[in-house]
Amino acid sequence: MGQIKINGLKIYAHHGVLDQERRVGNTFVVDLVLDVPDTEEAEHSDDLKDTINYAEVIALVQEVMGEPKNLLERVAGAIILRLKAAYPSQLAGGSITISKLAPPIPAELVSVSYTTEF
């Protein structure tokens, strides 16, 4: 088993419960780990068809992030559903973290994040 990791994918999107968050938007960072059960073929063939194309995964994440949602949990769930549908036999599981940079709350912090495994 191997893992494909997408680290620090920055996306400007319009997720949040507050109207202001939906109008103005915010920067989000997505970190994704994909568990790929059969990487041995790709390790020997050097052929993209034998693995998960991370460029396609990034495009999928960007597309889902473009669909406004209230909760980070819902955004993560939508990404997971799309990944499972796109790679039913190649994806064994993984984890996703979605971080909202500078959320509109009266506190000094870098981000708020939601992480889940699938």
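Strand β2, which spans residues 26-36, is largely enclosed by the rest of the structure, because nine of its 11 residues are buried. The model described in this report is a predicted one.

On one side, β2 pairs with strand β1 (residues 2-13) in the antiparallel sense, over 10 bridges. Within this pairing, I11 has F28 of β2 as its bridge partner. Strand β2 also pairs with strand β3 (residues 93-101), again in the antiparallel sense, and here eight bridges are found. F28 takes part in this pairing too, with K100 of β3 as its bridge partner.

## The four-stranded sheet

The strands form an open sheet of four, in the order β1-β2-β3-β4, with antiparallel pairing. Strands β1 and β4 (111-117) stand at the edges; each has a single partner strand, so one side of each is left without a neighbour in the sheet. Direction ignored, neighbouring strands of this sheet are turned by 10 degrees against each other on average.

Strands β3 and β4 run antiparallel and are joined by seven bridges. One of the residue pairs involved is S95 with E117, the latter being the bridge partner in β4. In general, the strands of a sheet pair through backbone hydrogen bonds, in either a parallel or an antiparallel arrangement.

S99 is found in strand β3. Its relative accessibility is 8%, so S99 counts as buried, the limit for that class being under 20%. Leaving aside neighbours within four places in sequence, S99 is in contact with T27, F28 and V29, and also with S111, V112 and S113. With S113 there is a polar contact as well, made between the two side chains at 2.5 Å.

Helix α3 (residues 54-65) lies across β1 and β2 and runs at about 35 degrees to β1.

The largest nonpolar core has 27 residues, and those that touch the most other members are V57, V61, M65, I79, L83 and I98. At least two residues of this core come from each of β1, β2, α3, α4 and β3. Helix α4 gives the most, with seven residues. For I98, the contacts beyond four places in sequence are F28, V29, V30, L72, V75, A76, I79, V112, S113 and Y114.

K49 is exposed, as its relative accessible area is 61%, whereas D50, at 15% relative accessibility, counts as buried.

## E67 in the loop between two helices

E67 lies in the loop between α3 and α4 (72-86). At 31% relative accessibility, E67 counts as partly exposed, while K69, at 15%, counts as buried.

Not counting residues up to four places away in sequence, E67 touches H15 and R82.

Terms used. Residues numbered from 1 in each chain as written. Predicted model: local features only at pLDDT ≥ 70, side-chain atom pairs only at ≥ 80, totals over all residues. Heavy atoms only, no water. Buried < 20%, exposed > 50% of the residue type's maximum accessible area, 1.4 Å probe, protein only. Pairing = 2+ DSSP bridges. Axes fitted to C-alpha atoms, helices over the stretch in contact; angles between N-to-C directions. Contact = heavy atoms within 4.5 Å. Polar contact = N/O pair within 3.5 Å; in protein donor to acceptor, adjacent residues only side chain to side chain. Core = buried A, V, L, I, M, F, W, Y, C linked by side-chain atoms within 4.5 Å.
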